[in-house]
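Visitor: Please show me the model, and let us then discuss some of its local features.
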Amino acid sequence: MRTIKTILITTVCLTLFALTIDAQESKTSVYPRETDVTSLTHSDLDNLKRKEIIYKDLDKDGDPDIIELWWNGKRVRWFDENDDATTNDKWGDMRNDALQVDVDDDGFYDGPGDYNVKWADRDKDDIPDIQIFSRNPEVGYDWVFADSGSIYFVMIDLDNTGLLMDIEWNDLSVSWTRFDRGPNWRTNYHGNTTFLKEHAPIWSVENPKFSWENPFLFYDFDEDGLSEMSIRVADNRKFDKNDRNKLSFDGIVDEAWISYDLDNDSGRDNEMDYDMTLYVAGAPGLDYKDQVHNFPEVKAPDWVMPYYRHAEWRQQTQFIYLNREGAVNRLFSATWARAYLTVDEDDDSHRWERVEIYYPGDPYILERMNKNSPIYHPQSDALGDRSEWDTDFSGKAKLYHTDWDGKIHLLGAEKGVWTVDINRAYWAGAHPNGVASTKMPEKAEEVIQYEDTNNNGYFDKISYDYNGDGQQNRTDFLLELGIDDIGKTVDVTELNWDQLRLHNSEIANENWKKAQRLFRTVFRYGLVDPEIIKLSKASSVQEKYENAYWLKERIIRKTLTIAPEKSHKEFLTAYYKSDAIALEKLIIKLKLSEN
């Protein structure tokens with residue numbers, strides 16, 4: 001008897017405790033739990049009957065309009081919005097139906113932390129082309145944004161792959177950053193696809209035709225199922241000054257990123273391998289309010305509406321976002337306040353969206369969320385990328401390539417930094433999925449800095465800190481060496497991806513030939529070491545690109561250590577011109593002087 005009494009008292013206490021917690025959560029939650037059991041958002045499933053399936057025929061036509069059941073411990077409810085379900089169905093379908101999942105197991109749909117999904121088959125081939133995903137903020141958050149768990153996500157599959165937002169059907173978990181085997185991301189960031197996203201519930205957005213990432217575009221030019229280019233467009237949110245749980249967008253692009261897989265080396269177990277990101281930002285930006293897209297297929301039937309706590313988004317059939325066609329030209333020929341370029345020099349970035357950019361900062365400060373550090377962004381590579389910054393947009397987001405280092409640079413950049421990752425050892429960014437270490441480096445290993453000292457838009461000063469100790473081992477002024485600092489213009493609004501790919505290959509192959517000539521010269525006179533010999537072999541475009549630069553750089557460093565200081569200028573001039581004949585003459589002269 002005491003045992004039963006104790007159990008009853010304990011149960012009552014736990015219930016009161018839970019109610020107290022719920023009451024406290026409700027006071028602090030922007031989206032408290034539902035309590036009205038008469039609401040249509042309340043589940044009809046019996047908590048003790050985990051195998052039951054409830055069918056509801058609302059239009060009395062003999063087939064179910066709603067299917068509700070338990071799935072792996074969670075209540076789910078399907079709306080058969082195209083009226084093709086039968087009583088033999090255990091699930092709805094992903095052609096044109098909608099799904100509700102009671103994630104927090106409180107017996108109500110569309111509540112805190114719960115998510116809703118709508119699919120539509122636009123071309124009637126029985127494969128969904130569009131998916132709209134909406135998840136509410138969790139209990140305990142007084143803000144709809146970010147860490148509250150809210151997200152609104154619209155994915156449009158242009159390749160008819162059936163791959164959309166990643167729902168793990170085994171446990172109904174959802175993620176847009178989940179990946180398998182290397183960089184094979186589960187959400188459809190592959191091939192040709194488009195998505196819109198906001199990290200807030202759609203009911204908090206004043207003008208829901210717009211969004212934050214509006215859009216994110218992926219392009220598959222060679223039809224291999226993988227993306228060779230991505231474009232991210234951001235219309236940055238504005239919060240209501242009187243209510244921070246209300247936000248709006250003005251139809252002006254505030255930031256844009258374009259990323260390229262320049263050497264087209266993506267493939268099985270290397271699905272994402274972008275090499276370069278060009279970024280533009282700041283007023284006036286780009287007005288895109290004329291880019292209207294209609295999706296009548298996603299509208300909910302009237303009978304569905306009462307089953308949502310917030311149903312506004314189920315009536316929305318129009319989205320305004322930048323068109324895929326012509327996006328590169330519109331974005332990168334517009335006027336901005338600044339432009340940045342980031343190149344993945346150590347080729348270890350396998351993120352789904354881009355090479356995350358470095359921001360203007362001190363290359364010796366390797367700290368996340370430190371505004372003085374280039375890697376303050378949690379997705380940036382800890383070491384290994386080269387970034388250049390045109391802070392007044394004088395170069396109009398154009399690029400140029402130089403013969404002296406065989407690299408693409410940013411026109412108009414005042415400064416640039418390359419934090420060299422000597423052994424490609426570090427990544428340490430958010431969602432690491434490569435082979436590099438997730439640990440942060442203790443210090444910079446080697447730092448190369450660039451500067452435009454004559455303000456003509458091209459770098460003419462290059463400084464080298466060989467061991468990352470903050471002391472410059474070498475500073476070269478191109479103009480003093482007789483090297484023309486003006487490079488050949490590369491305009492992304494004029495060259496498509498394939499042209500850029502070919503251009504990159506031509507640069508890499510030509511620079512490799514120059515490096516080989518220099519190598520043959522120093523090899524002949526014994527000015528080599530195991531590192532130089534190792535760099536003298538390469539096969540792929542990317543390997544030639546990397547090894548050519550470092551082969552030449554190691555050669556000049558070695559020769560400068562043995563050459564008299566008064567001859568350094570001549571050696572450096574031959575180096576920057578990749579002039580094997582001039583270098584050979586200098587080496588012969590050096591050898592004769594030794595004898």
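**Strand pairing and exposure**

Visitor: In β27, which residue is the bridge partner of E451?
Guide: This is a predicted model, in which local features need pLDDT of at least 70, side-chain atom pairs count only at pLDDT 80 or more, and totals for chains, interfaces and linings use all residues. Residues are numbered from 1 along each chain as its sequence is written, and side-chain values use heavy atoms, with hydrogens and water left out. Strand β26 (residues 446-451) pairs with β27 in the antiparallel sense over 5 bridges; strands are DSSP runs of E with at least two residues, numbered from the N terminus, and two of them pair if DSSP finds at least two bridges between them. Within β27, the partner of E451 is K461.

Visitor: How many of the 5 residues of strand β27 are buried?
Guide: Buried means under 20% relative accessible area, exposed over 50%, and partly exposed in between (1.4 Å probe, protein chains only). Strand β27 (residues 461-465) is largely enclosed by the rest of the structure, because the number of its residues that are buried is 4.

Visitor: Is P128 buried or exposed?
Guide: P128 is found in the loop between β5 (115-120) and β6 (130-135). Its relative accessible area is 10%, so P128 is buried.

Visitor: Is E223 buried or exposed?
Guide: E223 lies in the loop between β13 (213-219) and β14 (229-234). Its relative accessibility is 72%, so E223 counts as exposed.
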